[in-house]
Amino acid sequence: MTAATATTPIAADWRDFLALTKPRVLSLVVYTGLCGLLAAPTTIHPVIGFTAILCIALAAGAAGTLNQWYEVDLDSRMKRTAKRPLPAGRMDRDTALQFGVGLSIFSVLLMGLAVNLVAAAILAVSILFYVLVYTVWLKRRTPQNIVIGGAAGAFPPMIGWAAATGDVTLMPILLFAIIFLWTPPHFWALALFVETDYANAGVPMLPVVAGERVTRQHVGLYTIPMAAVAIAPWPLGFTDWIYGTVAVATTAIFAVLALIVTMRTSQPGDGMKPEKQLFKFSILYLFILFGALVVDAQVLA
């Protein structure tokens with residue numbers, strides 16, 4: 001019997017609905033979507049631009065809600081997720097499902113009617129990919145869940161770009177690729193220090209099914225193409241020296257932290273400090289990298 005079924009549901013309040021949207025994840029999604037919109041080589045009316053970002057936020061919240069609706073059994077077995085509204089019994093699953101589906105439909109319709117159909121189509125694909133491909137299909141079946149599922153979180157800058165321009169060119173595809181390739185080392189660093197959580201929940205993350213040594217090797221392996229793609233917009237002529245300088249410097253720091261994680265072997269009681277440093281810096285890395293992209297586009301345009 002799970003915590004969800006053992007506890008009598010009580011009336012959820014706004015904080016529970018907010019928690020369903022995974023606000024911490026949502027902040028990075030909105031940020032990269034906004035950066036994609038601002039880096040696009042055109043201008044967009046502020047009201048339309050705000051609407052586009054609102055749609056990205058609502059869609060991300062919808063995907064997060066549907067993810068929690070489907071994974072309530074997993075969340076109830078993991079220490080870091082057991083206090084979420086559904087496993088904690090503060091909300092029933094039907095309410096969460098209706099909330100998630102409603103947000104999904106509203107965000108896509110609003111994007112299509114107020115912004116453009118290209119952005120709306122990519123937005124719809126991003127929701128379906130996260131819910132059906134990652135949550136339902138991959139997460140419980142393969143340690144490649146993070147590799148393939150990372151595409152779901154990589155869509156926002158492409159959607160922002162499409163909202164501004166109405167199309168998708170090589171540059172937004174590169175922005176997609178940066179987040180797609182960043183996701184594996186980011187989540188594997190996390191998985192190394194919460195391995196027990198994933199093992200208890202039966203989630204086949206790489207440290208659980210292949211061990212710590214293989215996971216560390218994969219962190220280093222996937223950092224190489226991520227670094228190349230992160231710097232690529234500069235030599236390809238899509239950005240100028242501001243982005244190039246920041247990309248080279250921050251990517252070098254990321255690579256050093258990843259190399260430390262790759263080369264070391266953890267000891268009992270060592271606190272997994274290098275892995276936590278890589279995880280924390282990887283989040284800061286995306287914020288800095290995409291911030292530099294916007295500054296470069298706005299200042300040197």
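The chain has 14 helices and zero strands, where helices (H or I, at least four residues) and strands (E, at least two) are DSSP runs numbered from the N terminus. The radius of gyration is 20 Å, close to the 19 Å that the globule rule gives for 301 residues, so the chain is as compact as a globular protein of that length. That radius is taken over C-alpha atoms, and the rule is 2.2 Å times the number of residues to the power 0.38.

A word on the model: it is predicted, so local features need pLDDT of at least 70 and side-chain atom pairs pLDDT 80 or more, while totals for chains, interfaces and linings use all residues. Residues are numbered from 1 along each chain as its sequence is written, and side-chain values use heavy atoms, without hydrogens and water.

Of the 301 residues, 51% are buried, meaning under 20% relative accessible area with a 1.4 Å probe, protein chains only.

Now to the second largest pocket. Its lining counts 21 residues, with Leu38, Ala39, Ala40, Pro41 and Ala297 nearest the centre. A pocket here is an open set of points on a 1 Å grid over the protein atoms alone, where a 1.4 Å probe fits, with protein on both sides within 12 Å along at least five of seven lines; lining residues have an atom within 4 Å of a point. Helix α14 gives the most to this lining, five residues.

The lining residues divide by class like this:

| Class in the lining | Residues |
|---|---|
| Nonpolar (Ala, Val, Leu, Ile, Met, Phe, Trp, Tyr, Cys, Pro) | 13 residues |
| Polar (the others, Gly among them) | six residues |

Conventions: Buried means under 20% relative accessible area, exposed over 50%, partly exposed in between (1.4 Å probe, protein chains only).
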